[in-house]
Amino acid sequence: MSEVLVIIPTYNEVESLPLILKRLFDAVRDIHVLVVDDNSPDGTGELAEGMSRDDPRIHVLHRTQKEGLGPAYLAGFAWAMERHYSHVVEMDADGSHAPEQLPRLLTAALGTKKPDLVIGARWLPGGQVKGWSKRRQLLSRGGNLYIRFALGMPLTDVTAGFRVYKVDFLKKMPLDRIESKGYGFQIEMTWKAWQRNARVHEVPTTFSERHIGTSKMSGSIIREAFVSVARWAINERLKPFLSGNTAQNVRRRRPERNRSNRSSKRT
């Protein structure tokens with residue numbers, strides 16, 4: 001499994017990082033890990049550096065400041081591409097993504113269907129969330145319904161952060177034009193992938209609220225995602241009218257929609 005790299009962004013995760021890495025290596029012994037640390041003041045980066053000296057499976061990418069989840073993952077993607085990994089895994093450091101369920105995602109990612117993206121979905125039948133209030137569950141479910149309606153992606157959990165990308169597909173993505181910094185990054189990446197006819201597969205997983213440290217979720221992150229989805233949806237609907245011959249472009253768009261619908265049934 002050394003061709004697969006797990007990317008774990010960190011900021012003040014000094015307590016949780018050793019625990020999650022132990023669980024990860026117990027679940028998938030020979031996998032590689034890249035800790036992307038945003039100059040954590042609690043010493044997470046130094047801890048990860050020390051662990052990497054003792055374990056060749058662990059690598060560390062130090063960044064100079066806290067810039068958000070999106071830039072951290074993009075830096076990790078670039079690191080993986082330079083070193084010719086076949087797949088990258090996105091996983092939180094706080095234990096909310098169960099490493100014990102990673103083999104399930106990898107089986108799908110490396111299987112015969114060869115999807116470009118595998119999403120660990122909480123709202124797919126068989127998936128679940130532990131430790132969330134009813135209000136937060138409704139917020140997440142409602143957000144995913146809003147995204148599905150606005151962008152037309154027939155997926156159950158676009159906001160999920162436990163996922164596997166094929167590196168060859170990432171090389172085709174306009175990663176230099178990804179704008180989202182927070183959790184809207186997951187939505188934007190899925191949307192950009194969907195626009196490029198990605199083969200997307202969802203696998204039911206369990207999400208558990210963190211027990212150590214502080215959540216990075218905030219109202220501004222939620223607003224960023226909500227506004228961005230609305231903007232992408234409007235741009236998509238206006239695209240035929242802004243690209244020259246309106247009638248001709250509308251006719252051209254219809255078959256593309258049909259192809260997308262057929263593609264979604266295959267995944």
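The stops below cover a helix pair, the nonpolar cores and one further helix.

This is a predicted model, in which local features need pLDDT of at least 70, side-chain atom pairs count only at pLDDT 80 or more, and totals for chains, interfaces and linings use all residues. Residues are numbered from 1 along each chain as its sequence is written, and side-chain values use heavy atoms, with hydrogens and water left out.

Helices here are DSSP runs of H or I of at least four residues, and strands are E runs of at least two. Contact (heavy atoms within 4.5 Å) is made by Leu69, Gly70, Tyr73, Leu74 and Phe77 of H3 and by Phe185, Gln186 and Met189 of H7.

Next, display the largest nonpolar core, which has 42 residues. Such a core is a set of buried Ala, Val, Leu, Ile, Met, Phe, Trp, Tyr and Cys residues joined through side-chain atoms within 4.5 Å; buried means under 20% relative accessible area (1.4 Å probe, protein chains only). Phe77, Val88, Leu151 and Met189 have the most contacts inside this core, and H3 gives its largest share, eight residues. Centre on Met189, which touches Phe77, Tyr165, Leu170, Met173, Leu175 and Ile178, not counting residues up to four places away in sequence.

Finally, select helix H4 (residues 102-109), where Leu102, Leu105, Leu106, Ala108 and Ala109 are buried. Elements covering these buried residues include helix H1 (16-27) and strand S4 (87-90).

Methods: Buried < 20%, exposed > 50% of the residue type's maximum accessible area, 1.4 Å probe, protein only.
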